[in-house]
Amino acid sequence: MGSNSYKYDKELFELLKQEYKERLKIQLTLGSYEKLRSFINKETLDEELNRIDNKKKGHKSEDKVSEDSIKRHFGLINSKTKPSLSSCSLYARKLGYLSWDDFCEKAEQKLSLIHISEPTRLRRI
């Protein structure tokens with residue numbers, strides 16, 4: 001899959017969110033937001049505010065995701081916007097994937113294995 005082919009798939013992003021929940025042993029709530037934000041950006045809230053202030057002054061900074069974007073992307077505040085490719089890739093890299101495309105390929109492989117290995121269930125009548 002080429003890096004120019006950004007494909008946002010809601011089901012795959014839900015799997016990514018599930019992986020965060022399992023890794024951090026949290027539910028995605030505002031109460032667990034600080035742990036999520038800290039894991040994603042590897043900085044305290046004060047460091048984040050300082051980085052944002054420096055960015056406004058024209059200083060270059062590492063790839064990070066804003067507080068509001070994390071809340072929107074992880075469903076902690078209402079939003080109809082989807083995450084950008086750079087945000088999806090950053091989220092995937094924090095979990096050990098090479099990129100969003102890498103996560104999607106591996107998640108799709110897992111999904112196809114799950115669907116193949118699931119026993120056929122008989123319906124009760």
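## Largest pocket

By class, 6 charged, 5 polar and 4 nonpolar residues make up the lining of the largest pocket in this predicted model. The pocket holds about 230 Å³ of space. Its lining comprises 15 residues, and Y8, K10, R72, H73 and S79 are the closest to the pocket centre.

Two helices, α1 (10-24) and α4 (67-73), each supply at least two residues of this lining. The largest share comes from α1, with 4 residues.

## Packing of α1 and α2

Two packed helices are described by the angle between their axes and the distance between the axes. For α1 and helix α2 (residues 33-41), the axes come within 11 Å and cross at roughly 100°. An angle of 65 to 115 degrees counts as roughly perpendicular, and α1 and α2 are therefore roughly perpendicular to each other.

On the α1 side, the contact is made by Y20, R23 and L24, which meet K35, L36, F39 and I40 of α2. By class, this contact of α1 with α2 has 5 nonpolar and 2 charged residues, and no polar ones.

## Confidence

The average pLDDT of the chain is 83, and 84% of the residues score at least 70. Confidence in the chain is highest in α1, at 95, and lowest in helix α3 (residues 45-56), at a mean of 78.

Over residues 120-125, pLDDT stays under 50. For this stretch the model has 0 contacts beyond four places in sequence.

Note on methods
Residues are numbered from 1 along each chain as its sequence is written. This is a predicted model: local features need pLDDT of at least 70, side-chain atom pairs count only at pLDDT 80 or more; totals for chains, interfaces and linings use all residues. Side-chain values use heavy atoms; hydrogens and water are left out. On a 1 Å grid over the protein atoms alone, a cavity is a set of points where a 1.4 Å probe fits but cannot get out, and a pocket is an open set with protein on both sides within 12 Å along at least five of seven lines; lining residues have an atom within 4 Å of a point. Grid points are joined across faces, edges and corners, and a volume is the space filled by probe spheres set on the points. Ala, Val, Leu, Ile, Met, Phe, Trp, Tyr, Cys and Pro count as nonpolar, Asp, Glu, Lys and Arg as charged, and the others, Gly among them, as polar. Axes are lines fitted to C-alpha atoms, for helices over the stretch in contact, and angles run from 0 to 180 degrees between N-to-C directions. Angles under 35 degrees count as roughly parallel, over 145 as roughly antiparallel, 65 to 115 as roughly perpendicular and the rest as oblique. Contact means heavy atoms within 4.5 Å. pLDDT is the predictor's confidence in each residue, from 0 to 100.
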